[in-house]
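Good morning, and thank you for joining the meeting.

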Amino acid sequence: MGRNPSSWLEGLSHLWLPYAQMQTAPAPLPVARTEGCRIYLSDGRVLIDGIASWWTACHGYNHPHIREAIGRQLDVMPHVMMAGLAHEPAANLAARLAALLPGELDHVFFSDSGSVAVEIALKMAAQFFLNRGDGKRTKFVGFRHGYHGDTLGAMAVSDSGTGMHGGSAGLLTQQFLIDLPRDAESTAALEKFLDRHGSEIAGLIVEPLVQGAGGMMFHGSEVLRRLRALADRHDLLLIFDEIFTGFGRTGKLFAMEEAGIQPDIVTLSKALTGGALPLAATIASRRVYEAFLSDDPGKALMHGPTFMGNALACAAANASLDLFEREPRLAQVAAIETQLKRELEPCRELPGVKDVRVKGAIGVVELKHADDLEILRKNFVEAGTWIRPFGRIVYLAPAFTIAPDEISLLTGAIRRVLASR
Ligand SMILES: Cc1ncc(COP(=O)(O)O)c(C=O)c1O
């Protein structure tokens with residue numbers, strides 16, 4: 001039933017917002033519509049979006065090719081359950097993802113959110129060993145500054161120091177949190193840990209090249225190559241969580257390409273549908289998949305989200321992949337990287353700034369101390385931008401279709417807002 005704008009605003013008080021202290025959180029900004037890199041508020045203000053709706057809308061909002069694909073699919077079939085049934089958009093998408101991903105990452109298990117894709121990856125890894133007769137390997141190594149989602153398994157392999165999951169600490173299974181092997185000392189520490197505990201560990205899980213929500217921390221490909229070598233030495237599975245980095249964000253279609261190595265399992269979501277609809281995928285190598293093949297039904301992967309492989313979402317994802325094929329997305333990311341480097345670099349001179357770093361279409365200004373986030377966020381809105389700092393991090397992760405003058409508006413707002421603190 002249609003409601004007029006003033007009546008829907010009354011409904012806002014019934015929304016429980018994410019990551020928000022509801023007693024003090026400012027009311028959410030009412031959005032009337034989106035287009036390209038812009039968010040149109042119902043009070044007439046327009047914001048340039050610097051973070052593409054939590055890094056999803058990589059082609060900008062409302063891309064006509066994705067909209068048309070969803071519309072066509074809606075006429076045919078919005079959804080059908082996936083147990084015992086399958087459909088063309090899901091089959092095509094699975095085949096395309098398998099072809100795009102390097103090596104033998106060929107077997108695609110769909111779900112509906114990044115956190116669930118991570119849960120599935122963890123279950124898959126532990127059962128991989130169980131199916132091979134090694135039921136002792138039930139633990140995982142996650143890394144400091146890592147973030148893998150808000151469900152219980154994903155939280156357990158995330159860095160609790162990021163402050164996201166304190167309220168659930170008592171619910172979580174104990175996993176291992178270790179420093180990434182960035183240098184000789186941290187590599188030796190991880191080696192020593194695995195020498196002692198390797199036989200209990202099913203897998204290592206890492207966001208390759210950029211750890212996002214845990215602080216926008218970057219690391220080099222050599223770190224990933226060390227993880228691959230250690231996983232091989234200890235017969236562990238290596239899980240890459242490319243939910244943030246996948247689909248061009250770091251400069252290659254997948255971050256793993258820069259390192260030239262492959263994980264055993266990879267998780268994707270966020271930009272998979274170009275930000276139009278929720279969809280995620282957990283993709284296993286042939287070796288992992290084959291460990292589930294058996295005459296014994298008990299060796300099957302017992303997981304099945306109701307909206308698995310939703311046909312509308314798969315149609316949107318196929319359309320998004322068309323755009324990566326037809327339009328120069330990776331060249332756009334390279335141009336964004338150059339511009340962000342040039343325009344954010346002056347922030348280094350501002351008081352209270354600890355670091356400025358850019359990788360692909362990710363630009364980060366790290367502060368020495370956490371500011372009042374609500375004041376910073378309000379100042380960015382007043383500057384006509386949608387930028388959501390967290391912790392000590394002010395960052396941009398815009399759509400790849402953003403125009404150079406829109407980027408300049410975003411970087412200019414960051415320079416001005418940080419200079420006026
Ligand atoms: C690397 C990574 N993994 C997992 C997730 C969780 O995804 P979702 O919010 O769709 O559950 C996120 C979300 O920010 C993420 O950045």
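Let me begin with a definition: two strands are said to pair if DSSP finds at least two bridges between them. Strands themselves are DSSP runs of E with at least two residues, helices are runs of H or I with at least four residues, and both are numbered from the N terminus. What you see is a predicted model, in which local features need pLDDT of at least 70 and side-chain atom pairs count only at pLDDT 80 or more, whereas totals for chains, interfaces and linings use all residues. Residues are numbered from 1 along each chain as its sequence is written.

First, the chain as a whole. Its secondary structure comprises 14 helices and 16 strands. The radius of gyration, taken over C-alpha atoms, is 22 Å; this is close to the 22 Å given for 421 residues by the globule rule, so the chain is as compact as a globular protein of that length. That rule is 2.2 Å times the number of residues to the power 0.38. The C-alpha trace spans about 60 × 55 × 45 Å along its principal axes.

I call a residue buried if 20 or more other C-beta atoms lie within 10 Å of its own, exposed if 12 or fewer, and partly exposed in between, with C-beta atoms placed from the backbone. On that basis, 45% of the 421 residues are buried.

Now to two contrasting strands. How many of the five residues of strand β1 are buried? The number is zero, so β1, residues 31-35, lies largely in the open. Strand β1 belongs to an open sheet of four strands, ordered β1-β2-β3-β15, with mixed pairing. Its edge strands are β1 and β15 (385-386), each pairing on one side only. The partner of β1 is β2, residues 38-41, which runs antiparallel to it through four bridges. V31 has L41 in β2 as its bridge partner, and E35 stands opposite R38. Two residues lie between the strands of this hairpin, where G36 takes a positive phi near 60 degrees.

Strand β12, residues 280-285, is another matter: six of its six residues are buried, so it is largely enclosed by the rest of the structure. Both faces are covered, with A280, T282 and A284 buried on one side and A281, I283 and S285 buried on the other. Six bridges join β12 to β4, residues 105-111, in antiparallel fashion; here H107 stands opposite A284. Strand β11, residues 265-268, is also antiparallel to β12, through four bridges, and T267 has T282 as its bridge partner.

Next, two backbone angles. Most residues other than glycine have a negative phi. W54, in helix α2 (residues 52-55), has a positive phi near 55 degrees. K270, in the loop between β11 and β12, has a positive phi near 45 degrees. Are these residues buried or partly exposed? W54 is partly exposed, with 15 other C-beta atoms within 10 Å, whereas K270 is buried, with 28 such neighbours.
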